[in-house]
Amino acid sequence: MAFSGIPHDAIEFYEQLEADNSKAFWEANRDRFKQVVRGPADELATALADYGDFHLFRPHNDLRFSKNKPPYKTHQGAYTESEGGAGFYFHISAQGLMCGTGYYAMAKDQLGRFRSAVDADHTGDEIAEIVASLEKRRYSIGAISELKTAPRGFPKDHPRIELIRRKGLMASKDFGAPKWIHTKQAATKIRDTWDGARALNDWLDAHVGPSTLEPEGFFG
């Protein structure tokens, strides 16, 4: 089926899951999840397939290394990566719809290239201007994490130290749950958001590019 919007019940499903993240709730609502969350998310990924072949994340958390996590994820995420290296992500949750693009979590080899490019005056000024422009257009700029101080080899008073401290660089928009997310316009809004950050991805693809190391994971 063609994507026609995110059902109201998808939002309600995650509101209820946040309140009762238990196996009993999940088993009682498994078919509902497939119908109102997984199905529409798959249809949305298909509508955006020109960005790549999306991977839809499984609904279960990996509890092997953390006993404090709830058993089920409170959002349905999807991710793809372009040949140039830029990632494209969206998710559905109790809060509504969110999407982002860029390099959320850089591998060690990517991080080295990124910091070198940010450090250099010409390429560093370019990315600083791109980020400033995105912020003016109400994008949130983020990463998987950032250092509390300057990484080794960089002065704490570097003019672009805020970028250098980041372990990734992405631009995102959290739309919430306006009425249009329940229509096919949701796909258009995501597309407009990703296309609006094209300059960021072009810079990252040119100066960072894909990692040659074994991947460690995706968005949440």
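This is a predicted model: local features need pLDDT of at least 70, side-chain atom pairs count only at pLDDT 80 or more; totals for chains, interfaces and linings use all residues.

Trainee: OK, how many salt bridges does the structure hold?

Mentor: The structure holds nine salt bridges. As background, side chains of opposite charge can pair when their charged atoms come close.

Trainee: What does Asp9 form a salt bridge with?

Mentor: The partner of Asp9 is Arg32, and the closest N and O atoms of the two are 2.8 Å apart. This pair links distant parts of the chain, since Asp9 sits in helix H1 (residues 8-19) and Arg32 in helix H2 (residues 23-47), 23 residues apart.

Trainee: And is Arg32 buried or exposed?

Mentor: Arg32 counts as buried because its relative accessibility is 18%, and the cut-off for buried is under 20%. Asp9, at 23% relative accessibility, counts as partly exposed.

Trainee: Which side chain does Arg30 meet in a salt bridge?

Mentor: Arg30 meets the side chain of Glu27, with 2.6 Å from N to O. Because these two are three residues apart in helix H2, about one helical turn separates Arg30 from Glu27. Both ends are partly exposed, Arg30 at 29% relative accessibility and Glu27 at 41%.

Trainee: What about Glu146, where is that one in the chain?

Mentor: Glu146 forms a salt bridge with Arg166, their closest N and O atoms being 3.9 Å apart. Glu146 lies in the loop between strand S5 (140-142) and helix H5 (161-164), whereas Arg166 lies in the loop between H5 and strand S6 (169-176), so that the pair links distant parts of the chain, 20 residues apart. Glu146 is partly exposed, with a relative accessible area of 39%, while Arg166 is buried at 14%.

Trainee: Which residues are linked in a network of salt bridges?

Mentor: Asp121, Asp125 and Arg160 are linked in such a network.

Trainee: Switching topic, which residues touch the most other members of the largest nonpolar core?

Mentor: Those are Phe54, Phe90 and Leu169, in a core of 58 residues. Helix H2 supplies the largest share of this core, eight residues.

Trainee: What does Phe90 touch, leaving out residues up to four places away in sequence?

Mentor: With those left out, Phe90 touches a set of residues including Ala41, Leu44, Ala45, Leu48, Phe54, Ile190 and Trp194, and also Gln76 and Gly77.

Technical notes:
Residues are numbered from 1 along each chain as its sequence is written. Side-chain values use heavy atoms; hydrogens and water are left out. A salt bridge is a side-chain nitrogen of Lys or Arg within 4 Å of a carboxyl oxygen of Asp or Glu. Helices (H or I, at least four residues) and strands (E, at least two) are DSSP runs, numbered from the N terminus. Buried means under 20% relative accessible area, exposed over 50%, partly exposed in between (1.4 Å probe, protein chains only). A nonpolar core is a set of buried Ala, Val, Leu, Ile, Met, Phe, Trp, Tyr and Cys residues joined through side-chain atoms within 4.5 Å. Contact means heavy atoms within 4.5 Å.
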